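Have the model open as you read.

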Amino acid sequence: MADYHFVYKDVEGASTQWDDIQRKLGNLPEKPPAFKPAPFTPAPDEDSIPKDKAWIDEKNEDELEELEDDLDDDRFLEEYRKKRLAEMKETVKIAKFGSVVPISGSDFVREVSQAPPEVWVVVLLYKDGYQECGVLLRCLEELATKYPATKFVKIISTDCIPNYPDRNLPTLLVYNNSAVKANYVGLRSFGRRCTPESVALVLCQSDPVLNDGQNGSDTSSQAVMDGVRRRILERVVKDHEERGDGYSSD
């Protein structure tokens, strides 16, 4: 025979008047708190994440390409572009030069003698076909990239000084504030082995000729030479690692 007995259940947490009286008299335990679900928190929306500099920097190249169309209308992107443009303009102010620029005799006064007083100018007197001129030129080209606030130029020797002896090539002239501060005749002036570092050390013996534009107010000759010595050590270590030499413990 089927059981048709029905048990009525009220809403969870509901209480009768009789139960309330019994609880006041201490005959029943306190009513448990009604179940309350945790507040709903939707999953984070990619579009709602603040698009600050850190958010941009975390993206790789492919992700940035995918986001490019979505970011075009974002106000942050415009602000980010403005900041990057300002940074680039500031970098351009510092990186005035960055290469060895060829000049002619008619350019010399404008490019060298009339350079701003805060700019040091390194002038290479050379001729094509001279191996030692090529060695020094390659050193200067490397220094020009490392010290973009220093101006490097090259000029054919006889265009600069008529009848200048070829035996004196290569020659370096150092100018500042419209005056010759130093001159170095021949490759021997830069040591037994002419390297960018040896040239840098010679140039900065007495004056802060080389300037990378990153030292703020510390543009002293000593600061530059300390940096050059550090690069010499790094080059020695790198050459040692590339050769695969090992120090013996014996």
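Start at Phe108, which sits in helix H5 (residues 108-113); helices (H or I, at least four residues) and strands (E, at least two) are DSSP runs, numbered from the N terminus. This is a predicted model, so local features need pLDDT of at least 70 and side-chain atom pairs count only at pLDDT 80 or more, while totals for chains, interfaces and linings use all residues. Residues are numbered from 1 along each chain as its sequence is written, and side-chain values use heavy atoms, with hydrogens and water left out.

Is Phe108 buried or exposed? Phe108 counts as buried because its relative accessibility is 11%, where buried means under 20% relative accessible area, exposed over 50% and partly exposed in between (1.4 Å probe, protein chains only). Leaving aside residues up to four places away in sequence, Phe108 touches Ile103, Ser113, Val123, Ile155, Cys160 and Tyr175, contact being heavy atoms within 4.5 Å. Take Ile155: it lies 47 residues from Phe108 along the chain, yet their C-alpha atoms are separated by 8.6 Å.

Now for the sheet. It's an open one of five strands, in the order S1-S3-S2-S4-S5, with mixed pairing; two strands pair if DSSP finds at least two bridges between them. At the edges you'll find strand S1 (100-102) and strand S5 (179-185), each pairing on one side only.

Further in, strand S2 (residues 120-126) and strand S3 (residues 151-156) run parallel, paired over six bridges. Here Ile155 turns up again, as the bridge partner of Leu125 in S3.
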